[in-house]
Amino acid sequence: ELAVLGKRIGLRLHDMAAIEEFESLINSPNVRESALQAFFEEHPDFLLGADYEKLYPQIVLSRSEQSELRPDFLLKPLRGVSYEPAIVELKLPGQPVIKPTPRREGLYANVNEAVMQLRTYASYFREHDNREYVRRALGFTAYRPRLVLVVGRTVDIADEATRAAVFDSISPVELVTYEDILAKYRRLVLPR
């Protein structure tokens, strides 16, 4: 019993150290995407959660007669929990997400660009040969992968209807903030 308790305490301390490191990164005004990429490679559970079993960083998706694609991460689904891999694109936590305008709120241009980037990644999987390439290389594929954009610390919109309209406009891309990732990881490793 003591050995099991010691192992749990060791894991909890490791998790707390990872949480502190992540908070330090996302609070830093000078953080670079490469530092976030390296953090998630070292601590994949922050992105994997309970739905995915493996994280593949910077996989090259080759296309004939076009430039290759290189998403930040592909997440392999956990069998029986999810059937869709996820494509994750990272942007900076300090980047603003929602641009208030006098008549309506919308997304900043950098967020719209990232949404288009993710949609391009998704279109790669519509081709049978491309899905087969990924299946041979990684052991899984899907016709419609989930598209996840990680950007900003929070999304501040007081009006839920406006928030829903803005998020619907980027569908099927899911916008996730760094605070969302932190909260999800805390729930995963620090059960009440």
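The face of helix α5 that is turned away from its buried side carries the exposed residues D129 and R136. The model described here is a predicted one.

Helix α5 spans residues 128-138, and N130, R131, V134 and L138 are buried within it. Viewed down the axis of α5, these buried residues fall within an arc of 100 degrees, so they line one face of the helix. After α5 comes G139, whose phi is positive, near 90 degrees.

The report now turns to the largest pocket. Its volume is about 240 Å³. The elements that give two or more residues to the lining of the largest pocket are listed below.

| Element | Residue range |
|---|---|
| α3 | residues 45-48 |
| β3 | residues 86-90 |
| β6 | residues 146-150 |
| β7 | residues 173-176 |
| α7 | residues 178-189 |

The largest share of this lining, 4 residues, comes from α7. In total, 18 residues line the largest pocket, and L47, R146, V148, V176 and K184 lie nearest its centre.

Note on methods. Residues numbered from 1 in each chain as written. Predicted model: local features only at pLDDT ≥ 70, side-chain atom pairs only at ≥ 80, totals over all residues. Heavy atoms only, no water. Buried < 20%, exposed > 50% of the residue type's maximum accessible area, 1.4 Å probe, protein only. Arc of directions from axis to C-beta. 1 Å grid on protein atoms, 1.4 Å probe; cavity = no way out; pocket = protein on both sides within 12 Å on 5 of 7 lines; lining within 4 Å. Points joined across faces, edges and corners; volume = space filled by probe spheres on them.
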